[in-house]
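Student: Could we go through how strand pairing and a nonpolar core are read from a model?

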Amino acid sequence: MDCKGQSSAEFLLLMGFFIALLVVSSIFILEEDELNKAMIAARNGVNEGIIIDSAAVYPDDVYREYELSKENLLHPSLIKLENVNYTNMGVDSGYNKEKIQFKVTVSSSEIINKDLQDSFGDRINYNLRKSLAYTFNSENLTNELYNPVFSNHYVFTTANVKWIN
């Protein structure tokens, strides 16, 4: 029996298998990398939001609104980040992308009023979404509140901030 060409055929078959495996693996790796970037951006945005809230530094229009209706927000306060995590909510049929919802948990012994917690939480979530939008260069694909935020494979939203007193 003549085995000429057998080695070449086996080599090509083996290389084809490895190339197919590499292509399939790279898709999963890229999606995981995207989620890792999203988590880093979310944490950065939450930290920025907490710093802004804690220092009571706001844009002019927000400051004027708080000056009239929520004067307590204009004083520095202590907010501590407890946790940032996300939940995969499945495929969003409206956007045909997987929906990821971020949930932030913070604590403060000073901020116990529910309305104030909601206002601080809104600012934290805004900064989280803004950070995601800038990370994925999708500021022009969303609204002025950066809700929702898009990446190549995902649509990101936020749940209400959970407060621990």
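Tutor: Two strands pair if DSSP finds at least two bridges between them, where strands (E, at least two residues) and helices (H or I, at least four residues) are DSSP runs numbered from the N terminus. This is a predicted model, in which local features need pLDDT of at least 70, side-chain atom pairs count only at pLDDT 80 or more, and totals for chains, interfaces and linings use all residues. Residues are numbered from 1 along each chain as its sequence is written, and side-chain values use heavy atoms, with hydrogens and water left out.

Student: How many bridges join E2 to E4, and do they run parallel or antiparallel?

Tutor: E2 and E4 run parallel and are joined by 5 bridges, with Glu 98 standing opposite Tyr 154 in E4. E2 also runs parallel to strand E5 (residues 162-164), through 3 bridges, whereas strand E1 (residues 80-92) is antiparallel to E2, with 10 bridges. E1 and E2 form a hairpin with 4 residues between them, and Asn 96 in the turn has a positive phi of about 55°.

Student: Which residues touch the most other members of the largest nonpolar core?

Tutor: Such a core is a set of buried Ala, Val, Leu, Ile, Met, Phe, Trp, Tyr and Cys residues joined through side-chain atoms within 4.5 Å, buried meaning under 20% relative accessible area with a 1.4 Å probe, protein chains only. Here the largest core has 35 residues, of which Tyr 58, Phe 102, Val 104, Val 106, Leu 132 and Phe 156 touch the most other members. Helix H1 (6-55) supplies the largest share, 8 residues.

Methods:
Buried means under 20% relative accessible area, exposed over 50%, partly exposed in between (1.4 Å probe, protein chains only).
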